[in-house]
Amino acid sequence: MATGQGDTESDGESYTRRWEPRLERLKRGWSRYSEHNIGILGLVILGIFSLWAVVPGVFAPHSTDWVAYLGEPPIESRLTAEQVRSLPHPPAFGDPFFAPLGTNANGNGILSLVIYSASNAMYIGLAAGLLSSLVGVPLGLISGFYGDTWIDEAIQRFVDIMYGLPFLPFLIVLVAIRGITTTNIIIGIAVTSWLNNCITIRGETLSLKERSYVESAKVAGASDTRIIFRHIMPNVLPISFVFLAQDAAGAVITQASLAYLGLADFTANSWGIMLENIKSQGYIFDAWWWLLPPGIALMLMAASFYFIGFSMEDVTNPQR
Amino acid sequence: MTRISGKYLAKRIVVSYLTLLVIMSLLFVLLRSMPGSFITSMISSGMTNEQIQQIRETWGLNEPLWRQYIDFMINYQTGNFGRSPTYNAPVADLMIRRMPRTLVLFGATFLIGFIIGPLVGMYLGWWRGSKKDKSIFSTSLLLYSMPSFWISWLFIWVFNYELGWLPSAYMFTQFPEFQWTAFTVMRDVLYHIALPIMSLTFIGWVGSMLIMRPTMNQVTDEGYVFLAHAKGLSERTVMIKHAARNALIPVATGAVVGLAFLIDGSIIIENVFNWPGMGQIIVTSVLNRDFPVAQATFFLLAVLVVIMRLVTDVVYTYLDPRIKFGEGE
């Protein structure tokens, strides 16, 4: 957090002196974090999804363009009528083709689609979570630091206004204005999800700014900006990580909901789009192997973010 | 007994009203900046320019934008919501018909969620760190992570498709064989609302649990809980009568956030179950660029949220006598 400060000493000893307490704190934090089985579980799930996102080819049995009976592209022949009728095909292991989770109505392998979609969900979750933290945390800090002034009042009224707009329809309008792309969906989610972030950070800041170290920084002549970002922000960062995790989980689910309503970038692969396809093609009750995997993947991805977030909360919570 | 001064309340009401005005202006701008317009669906290729102009004239689209804005703001103050081009009916009628349907869904889910959630949260917070807490808490987080439309599909699959117990769509039986009396209608609605409420509460209760659990855990360290224990009261009495009451305060404020979550959830649920309420119409009207309807639905939902915020502030002071609003100003 604070490495770029202009310390004149830069020999090895001061380096250890500076970093030892931090490492110590990190270790203590980790030991508290790892007391929670769900925290570890969340990290494991997220780790697997990250691997899927980075190297999907290693895990997926075939590419997303693979078609049942015909195999990998380039595809010259076409499906016979009988073969088309057998789609979506239930899980098959080698006979007539290999697709551990069956195929969808177009003959693409479900397992491969699920694995290749991980990167999209991961990207949306992390990007929207980060973006809403980047908006919510500074605004909360400023609002709290200037508590009971017109700045605070203005920010809080703005939060009130945003709360008055129902999130999902507002998101639909935003996406409709800017066009349906993954980036715009991320921006839209961030615009609607920074509110809780801002309110909590504000409350924290209100109590933190009464602490003596803030007083002494003030006496020492530190500027407001310096006090906010150098002295107060490091203390609210852990909580904002909790919110980042929760926002990320919310973003993953929201993106799926948007896809359900038909608002998704259909050129990309995503779990939400897989579920939208099963609805629009009418196989919800006929193809469990198509219905369950994307939903479970969505659930696990969001849950892993929640697991991590709530275990983090315990690390940051001094009471206990 | 009132702990809220009249002056404070008046100030809050004025601020709420101004908030609504700003929300309306924001809505006007946002909806108008969406590409496309509802009249595109009314114009067919054979129309002359004059006919198109006439359609624009009828719907007031030829007026300058600032004029439309002022009309919109003034009309809404007098409760005139205009006419819907796609439904070809007064928007107010549509809203009056649809509002109760959504409120029924909202109310039931809100009630059930805010009974189950705090109860479970109380239990988990009290026994925090125990095996039961860990398993129930992680399960509920898993529930919370489910996309609401997906869990509705699973419910429909089990209870409608496989078992045939409950209907999967609409608010009434479409071609009823029974007589329409107050009782049969009630029963029919309850029969149809069962699955939507189940799907919505299945996820929704977790929100209030998440607020209740940590505050309950904090309360366990308080002196009065220790005292209650020392008096020899049973674990149950201490938990429910002494600890839980105080832990409920943040849950009450969290109700507003819960409401926002509920609005989102019910929009999806109404679409899945074809429930003819506000959540369904808000999506279709935005997608069809039916501005009068979209504006009215957004506006009414905003009114709901703003009123809820006011109410929670009042409830807050009754739950916690230490909080006094508007004194010392």
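Buried, as used in these legends, denotes under 20% relative accessible area.

**Figure 1. Confidence of the predicted complex.** The model shown is predicted. For the complex, the predictor reports an ipTM of 0.84 and a pTM of 0.86. Chain B has a mean pLDDT of 82, with 94% of its residues at 70 or more. Where pLDDT is low, the predicted coordinates should not be read in detail.

**Figure 2. Fold and burial in chain A.** Of the 320 residues in chain A, 48% are buried. The secondary structure of this chain consists of 13 helices and 2 strands, and its C-alpha trace spans about 85 × 50 × 35 Å along the principal axes. Among contacts in chain A with a separation of 6 or more, 69% join residues 24 or more positions apart.

Figure 3. B:Arg289 lies in the loop that links helix H10 (278-287) to helix H11 (291-319) of chain B. The residue is buried but forms no salt bridge; B:Asp290, the nearest side chain of opposite charge, is 11 Å away. Leaving aside residues up to four places away in sequence, B:Arg289 touches A:Ala176 in chain A, and in chain B it touches B:Met34, B:Pro35, B:Gly36, B:Ser37 and B:Phe38.

Key:
Residues numbered from 1 in each chain as written. Chains lettered and ligands numbered in written order. Predicted model: local features only at pLDDT ≥ 70, side-chain atom pairs only at ≥ 80, totals over all residues. Heavy atoms only, no water. pLDDT = per-residue confidence, 0-100. Helix = DSSP H or I, 4+ residues; strand = E, 2+ residues; numbered from the N terminus. Buried < 20%, exposed > 50% of the residue type's maximum accessible area, 1.4 Å probe, protein only. Contact = heavy atoms within 4.5 Å. Lys, Arg positive; Asp, Glu negative; His and termini not counted. Salt bridge = Lys/Arg side-chain N within 4 Å of Asp/Glu carboxyl O.
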